[in-house]
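Please have a look at the sequence and the 3D structure before the dialogue begins.

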There are 2 protein chains.
Amino acid sequence: MRVVIPIYDRFTALDAVGPYEVLSRIPGAEVLFAAERPGPVRTDTGSLAIVADAALAEVEACDVLVVPGGTGSRVAASDERLVDWVRVRHDTTSWTTSVCTGSELLGAAGLLAGIEATTHWSAVERLESYGATYRPRRFVVQGKIITAAGVSAGIDMALALAARISGEDVARAIQLGIEYDPDPPFAAGSVESAGPATVALVMGVLRARSA
Amino acid sequence: MRVVIPIYDRFTALDAVGPYEVLSRIPGAEVLFAAERPGPVRTDTGSLAIVADAALAEVEACDVLVVPGGTGSRVAASDERLVDWVRVRHDTTSWTTSVCTGSELLGAAGLLAGIEATTHWSAVERLESYGATYRPRRFVVQGKIITAAGVSAGIDMALALAARISGEDVARAIQLGIEYDPDPPFAAGSVESAGPATVALVMGVLRARSA
């Protein structure tokens, strides 16, 4: 089973690495990071580069596609070659997934029109501009398309996907392997729990970053 | 504030990228991945490489040290140059932290003798061989040393550390930014919740990997 994670300038590392850490542990899985050109791709903070081991054009097919988000997702969603690549690869995947604003690339490829989906809480309007109906859940399954909420939600999504691919026993073993027994020190992971002041603070940072 | 994450052959990506994703969002923080030599460092699955932007020898000081674990941690803990580097850098850090079996490197550097600490649930004996007393918690704070449990626990640890460095408002904003409102699809993230059959399955995989 081949899992391909396309990465692009200013993606968010955890969007990609969370699902990678889960899916790479499925027996028989092979995970490949790919980008326009092989080599280092820098993330949205500028302080980390992850290596693409292949060029997108070399990737002929994949069973699972995981599209990460990031501050670069809007630019990526306007890159016709990348969006075409997603659309063509989707034709033959078993599962096509996105994390966070990776949903923009699925949307631009026309894959979200008329279905339910999720994304980062700050990107709901953009998601719905592609014809999707937003659902505020950790992940939303619609046929073979799974969209996950912001950044860390990719871990929850990937565990559920691992169970669909290889059964719940395998998914539970992977969860124990990465000791995923989360216990956040604060209750601030959603718009509701964080409250308006924290939401305003984050929106200010996001606006500054995407400017 | 400078955060340094030393990486080595066969580290676990999420051990490093979880804390990176949190700590890099602290205002004024600069995160640097470093290794024996600059360039790509391959993780424990073999299917991902993360770039070290600096050589360890070039890193003169850091405020926060985050040591990831992985199947390569035992070899890394026997690398005297790396362990010496950890010991010397620790002298002037504000915080010295480990995730998962990154605790082996702190242990080998003599930093855990006589204190409470945590690590991946499968590595308790090794942790205690360095004179630490294991505590089965997501993370354990002892003075300026914080050890986190396996892999995903680095996210919880880093949020708590962000609050200590910049206050709870900042930590809450970071948590919302990465939409960290975890909802694992299964209850299998700890030895207790996973049960003996799942524990045995994972132990078999871990033994095969480290052989």
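Q: What should I know about the model and its numbering?
A: This is a predicted model, in which local features need pLDDT of at least 70 and side-chain atom pairs count only at pLDDT 80 or more, while totals for chains, interfaces and linings use all residues. Residues are numbered from 1 along each chain as its sequence is written, and chains are lettered from A and ligands numbered from 1 in the order in which they are written.

Q: How many helices and strands does chain A have?
A: Chain A has nine helices and 11 strands. Both are DSSP runs numbered from the N terminus: helices are H or I with at least four residues, strands are E with at least two.

Q: Why is chain A called as compact as a globular protein of its length?
A: Its radius of gyration is 16 Å, close to the 17 Å that the globule rule gives for 211 residues, so chain A is as compact as a globular protein of that length. The radius is taken over C-alpha atoms, and the rule is 2.2 Å times the number of residues to the power 0.38. The C-alpha trace of chain A spans about 45 × 40 × 40 Å along its principal axes.

Q: What share of the residues of chain A is buried?
A: Of its 211 residues, 58% count as buried. Buried means that 20 or more other C-beta atoms, placed from the backbone, lie within 10 Å of the residue's own.

Q: How do I read a sheet?
A: Strands of a sheet pair through backbone hydrogen bonds, either parallel or antiparallel. Here two strands pair if DSSP finds at least two bridges between them. In chain A, seven strands form an open sheet with mixed pairing, in the order β5-β2-β1-β6-β7-β11-β10. At its edges stand β5 (54-55) and β10 (139-142) of chain A, each with a single partner strand, so one side of each has no neighbour in the sheet.

Q: What does a parallel pair look like, and what an antiparallel one?
A: For the parallel sense, take β2 (residues 30-35) and β5 of chain A, which pair over two bridges; A34(A) stands opposite A54(A) there. For the antiparallel sense, go to chain B, where β10 (residues 139-142) and β11 (residues 145-148) pair over four bridges. V140(B) has T147(B) as its bridge partner. The hairpin of β10(B) and β11(B) has two residues between the strands, and G143(B) takes a positive phi near 60°.

Q: How is the packing of two helices described?
A: Two packed helices are described by the angle between their axes and the distance between the axes. In chain B, α6 (residues 153-166) and α7 (residues 168-177) pack at about 145°, with axes 7 Å apart. Axes are lines fitted to C-alpha atoms, for helices over the stretch in contact, and angles run from 0 to 180 degrees between N-to-C directions. Among the residues making this contact are L159(B) and A162(B) of α6(B) and V170(B) and I174(B) of α7(B). Contact means that the C-beta atoms of two residues, placed from the backbone, lie within 7 Å.

Q: Where do the two chains touch?
A: 56 residues of chain A are in contact with 56 residues of chain B. On the side of chain A, α7(A) gives the most, with seven residues. That side divides into 34 nonpolar, 13 polar and nine charged residues. Ala, Val, Leu, Ile, Met, Phe, Trp, Tyr, Cys and Pro count as nonpolar, Asp, Glu, Lys and Arg as charged, and the others, Gly among them, as polar.

Note on methods: Buried ≥ 20, exposed ≤ 12 C-beta atoms within 10 Å, placed from the backbone.
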